[in-house]
Amino acid sequence: MSPGRIRIGTCSWTEKSLVEGGAFYPRGASTPKARLKFYASRFDTVEIESSYYQIPTVEMAHAWAERTPEQFLFHVKAYGALTGHNVDPGRLPDELRLMLPAKDRDRDDVHVSDPAALRAMAKALTEALVPLKEVGKLGFIIFQFPPWFGYKKENREYLLYCRELMAGHPIAAEFRHGSWLTSRNREELFGFLREHKITYITCDEPQLGTLATAPFRPEATTSVAYLRLHGRSVEDWQLRATAADDYLYTEPELRMIAAEARRLSAKARLTFVMFNNCRCGCAVKNALRMRELCGS
């Protein structure tokens, strides 16, 4: 059996310091159209990060499809409300904002728990992605769960709810709390994901010596493996409490990750290696080197 293909990309092509820093885009790539076209000339896959903050429109998805070559794949981060994060109701379409309680509609930050509102948001997301799906450019919808989303039966069942909400679109799940991957829980988790055909995302992030972050445990639970790399700077992670996203992976670290990607590709038909250390061009630098190491 020959190894599966390894595809490498970044978790954003629009991050502000990447666009403004001059480390990747040439001088002439000054529009969204030109930047995506240039990115797609270097890589064949990317994540759409903006969908976590705001549900995209059909028109946006049409533009993404038109600006990229055949076989290019977009992975889409699930809207934040669907993963238990607070969201800005001012960025919702009017019909969705009006589904929120009146007291929440003008706030800057709200938690959405009403099942009807969540279903409507999920429906708006999947309908917006139709142009990508129609041309075969839609990869996974990525459910990046928050650090407080720990391992328990209720949360495992929520994964099935997420899969149902996505109406047949393949989903991939990333866990940011270490309880999912303890020696006691991880085999049960992997078995659950395999049974329900949910792709596990291997997360690489700084280690704090507690369950506050997830350990690096590469595994494939479907025919597709997915590595998502956030950086390893503990100090930056603690300061921002979000991501060490200006961390530049070292050569030994990249070689170790490449070895894991090759190992996974021996049993997966497709392996994605996606860099989320996007600030200051770190992700594109690491992704270009990873492509050399993996022979992609």
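A crossing of two helices is called left-handed if the near helix is turned anticlockwise from the far one by less than a right angle, and right-handed if clockwise. Keep that in mind, everyone, for the helix pairs.

Some housekeeping. This is a predicted model, where local features need pLDDT of at least 70 and side-chain atom pairs count only at pLDDT 80 or more, while totals for chains, interfaces and linings use all residues. Residues are numbered from 1 along each chain as its sequence is written, and side-chain values use heavy atoms, leaving out hydrogens and water.

Helices (H or I, at least four residues) and strands (E, at least two) are DSSP runs, numbered from the N terminus. Let's take helix α10, residues 251-265, and helix α11, residues 282-294: their axes come within 10 Å and cross at roughly 55 degrees. That makes α10 oblique to α11. The crossing of these two, α10 and α11, is right-handed. Axes here are lines fitted to C-alpha atoms, for helices over the stretch in contact, with angles from 0 to 180 degrees between N-to-C directions. Under 35 degrees counts as roughly parallel, over 145 as roughly antiparallel, 65 to 115 as roughly perpendicular, and the rest as oblique.

Which residues of α10 meet α11? Among them are Leu 254, Ile 257 and Ala 258, and the α11 side includes Met 290 and Leu 293. Contact means heavy atoms within 4.5 Å.

Now the other pair. Helix α7 (residues 153-165) and helix α8 (residues 186-195) have axes that come within 11 Å and cross at roughly 20 degrees. That makes α7 roughly parallel to α8. This crossing, α7 with α8, is right-handed too. From α7, Arg 156, Glu 157, Leu 159 and Leu 160 meet Glu 188, Phe 192 and Leu 193 of α8.

On to the strands. Is strand β6, residues 199-204, enclosed or open? With 6 of its 6 residues buried, β6 is largely enclosed by the rest of the structure. Buried means under 20% relative accessible area, exposed over 50%, and partly exposed in between (1.4 Å probe, protein chains only). Thr 199, Ile 201 and Cys 203 point one way from β6, and Tyr 200, Thr 202 and Asp 204 the other way. In a regular strand, side chains alternate between the two faces of the sheet.

Strand β5 (residues 171-174) runs parallel to β6, joined by 2 bridges, and Ala 173 has Tyr 200 as its bridge partner. Strands pair if DSSP finds at least two bridges between them.

Finally, strand β1 (residues 5-10) has 5 of its 6 residues buried. β1 pairs in the parallel sense with strand β8 (residues 270-275) over 6 bridges, and Ile 8 stands opposite Val 273.
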